[in-house]
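Colleague: I am new to this structure and would like a guided look. Could you show it and then take me through it step by step?

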Amino acid sequence: MANVSYVRKTMLPEKAPPVTSSGVLGWIRENLFSTPLNVILTLLSAGFAFYVLASILPWIFQSSWTAGSLGECREVIKATYGPDAHGACWAVIRERYLQLIFGFYPAELYWRPILAFVLALVALAPVLFSGLPRQMMRFSAVAPFLVPWLLWGGTFWVPLMVIAGIAVGVIAYNLLSRTVGSLAGIIAAGVLPVLWWIFVTSPLASGLQSIIPLGIEAIPSRSFGGFLLSITIGLVAITASLPIGIVLALGRQSDLLIVKTLCVGFIEFIRGVPLITLLFVASVLLNYFLPPGTDFDIIVRVMIMVTLFASAYMAEVVRGGLAALPSGQYEAADALGLDYWKSQRLIIMPQALKISIPGIVSTFISVFKDTTLVSIIGLLDPLGLSKAIRADVNWNGIVWELYGFIAFVFFIFCFSMSRYSMYLERKLQTGHR
């Protein structure tokens with residue numbers, strides 16, 4: 001009797017999966033037509049999408065780009081696409097796009113805001129992406145003083161005096177923390193630079209400018225507008241609110257009664273007041289609390305208020321990340337013999353910020369969109385400029401084209417921030433699914 005082997009000696013070649021279960025068809029079958037209910041919902045959604053696109057796309061593409069007024073636009077559209085055609089008048093964007101971007105900034109000086117924002121992106125690059133040379137961080141430390149000087153101009157001694165104020169705070173912290181205590185050093189490091197900037201910076205910079213003239217043409221704040229204004233306010237608020245929010249979150253969890261009370265009071269007060277109220281305070285009331293004759297720029301006041309507003313919300317986001325950490329992380333830091341600041345810098349805060357990435361980016365996006373509220377206090381952001389454009393007799397009555405362009409630009413910025421947050425979450429993902 002012959003022996004029969006039931007053990008396979010050779011492997012069968014792999015076969016491709018069925019077409020209906022892989023690729024695009026597989027995804028469609030699994031996600032859109034997996035059940036009768038999904039089939040019905042898919043068909044209804046497709047019908048609604050077709051109805052919306054059939055109404056919007058002709059309006060977008062049956063348009064005019066070369067007209068000089070709204071009436072001329074409508075005549076060109078009817079002459080080109082038929083007497084019953086209705087289309088967008090994108091000619092207003094072609095004619096006013098520079099104004100929507102730069103506001104009333106002098107045209108011959110457009111290179112300054114362009115260079116300023118290029119430098120800002122270069123300064124942010126080593127912070128956002130770890131693969132770049134770390135030597136670029138030195139420029140990142142200088143850019144916050146160089147970029148405002150390029151935008152507003154004036155004497156170069158002002159940013160140097162601002163840097164000197166920070167140096168005064170650092171020196172005061174080092175001296176007082178060694179002799180009196182860390183709390184006194186922290187308070188001095190926060191108060192002395194502010195006093196320096198308010199009372200010393202302007203007269204000292206003016207005196208040095210009279211001795212050694214060094215500067216470029218000054219641009220008044222009333223010339224700022226459009227996306228230049230929104231991006232400037234948003235960029236300052238976003239970059240400054242995160243470190244301030246971290247400090248507030250740590251202060252809220254502090255065992256020092258004074259520090260905790262101040263942080264809790266600040267956070268709860270700011271979060272309990274609408275942003276528009278703070279903007280009115282910045283626009284109208286803040287000058288009453290300053291010394292007579294102090295010229296406090298309106299845009300700087302708005303940036304301070306928006307930054308404080310974002311910082312309060314950022315503090316709660318970071319506090320949520322700190323609360324989500326298991327107690328074992330704090331115990332591990334103590335077991336390693338690390339002091340408070342080293343444990344926060346090396347163990348606690350990196351993990352808390354990783355957990356808080358979605359909330360942090362959501363706050364950033366919200367702050368950037370909230371910059372449109374400055375139009376209520378008379379600053380001509382893109383929405384404020386759209387009203388001024390529509391007041392022109394040539395463009396009186398045009399609405400959707402301007403709002404659509406503004407919404408599209410805001411979408412690009414907000415979508416980019418959202419994509420970056422997802423990239424950062426994937427990069428920092430260390431757990432297992």
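Modeller: Let us begin with a term: a salt bridge is a side-chain nitrogen of Lys or Arg within 4 Å of a carboxyl oxygen of Asp or Glu. Glu268 and Arg252 meet this way through their side chains, at 2.9 Å from N to O. Glu268 lies in helix 10 (residues 257–271) and Arg252 in helix 9, so the pair links distant parts of the chain, 16 residues apart. Helices (H or I, at least four residues) and strands (E, at least two) are DSSP runs, numbered from the N terminus.

Colleague: Before we go on, what kind of model is this?

Modeller: This is a predicted model, in which local features need pLDDT of at least 70 and side-chain atom pairs count only at pLDDT 80 or more, while totals for chains, interfaces and linings use all residues. Residues are numbered from 1 along each chain as its sequence is written, and side-chain values use heavy atoms, with hydrogens and water left out.

Colleague: Back to that pair. Is Arg252 buried or exposed?

Modeller: Arg252 is buried, at a relative accessible area of 16%. Glu268 is partly exposed, at 36%. Buried means under 20% relative accessible area, exposed over 50%, and partly exposed in between (1.4 Å probe, protein chains only).

Colleague: How many salt bridges does the structure hold?

Modeller: There are five salt bridges in the structure. One of them joins the side chains of Asp392 and Arg96, at 2.8 Å from N to O. Asp392 is in the loop between helix 16 (382–390) and helix 17, and Arg96 is in helix 4 (residues 91–102), so these partners are 296 residues apart and link distant parts of the chain. Arg96 also meets the side chain of Glu95 in a salt bridge, at 3.6 Å from N to O.

Colleague: New topic. How many aromatic pairs are there?

Modeller: The structure holds 15 aromatic pairs. Rings of Phe, Tyr and Trp (its six-membered ring) pair if their centres lie within 6.5 Å; planes under 30 degrees apart count as stacked, over 60 as edge-to-face and the rest as tilted. Trp152 and Phe224 are stacked, because their ring centres are 4.8 Å apart and their planes stand at 20 degrees.

Colleague: Where do Trp152 and Phe224 lie?

Modeller: Trp152 belongs to helix 6 (residues 136–152), whereas Phe224 is in the loop between strand 2 (215–216) and helix 9 (226–252), so the pair ties together parts that are 72 residues apart in sequence. Trp152 is buried at 16% relative accessible area, and Phe224 is buried at 4%.

Colleague: What about Phe411 and Phe415?

Modeller: Their ring centres are 5.3 Å apart and their planes are at 20 degrees, so Phe411 and Phe415 are stacked. The two are four residues apart in helix 17 (residues 400–428), a separation of about one helical turn. Phe411 is partly exposed at 49% relative accessible area, and Phe415 is partly exposed at 40%. Elsewhere, ring pairs link Phe227, Phe368, Phe405, Phe410 and Phe413 into a cluster.

Colleague: Where does Arg271 lie?

Modeller: Arg271 lies over the face of Tyr313, at 5.5 Å from the ring centre. A charge sits over a ring if NZ of Lys or CZ of Arg is within 6 Å of the ring centre and within 35 degrees of the ring normal.

Colleague: And the chain as a whole: how many helices and strands does it have?

Modeller: The chain has 17 helices and two strands. Along its principal axes the C-alpha trace spans about 100 × 85 × 40 Å. The radius of gyration is 29 Å, whereas a compact globule of 433 residues would be near 22 Å. That radius is taken over C-alpha atoms, and the globule rule is 2.2 Å times the number of residues to the power 0.38. Buried residues make up 34% of the 433 residues.
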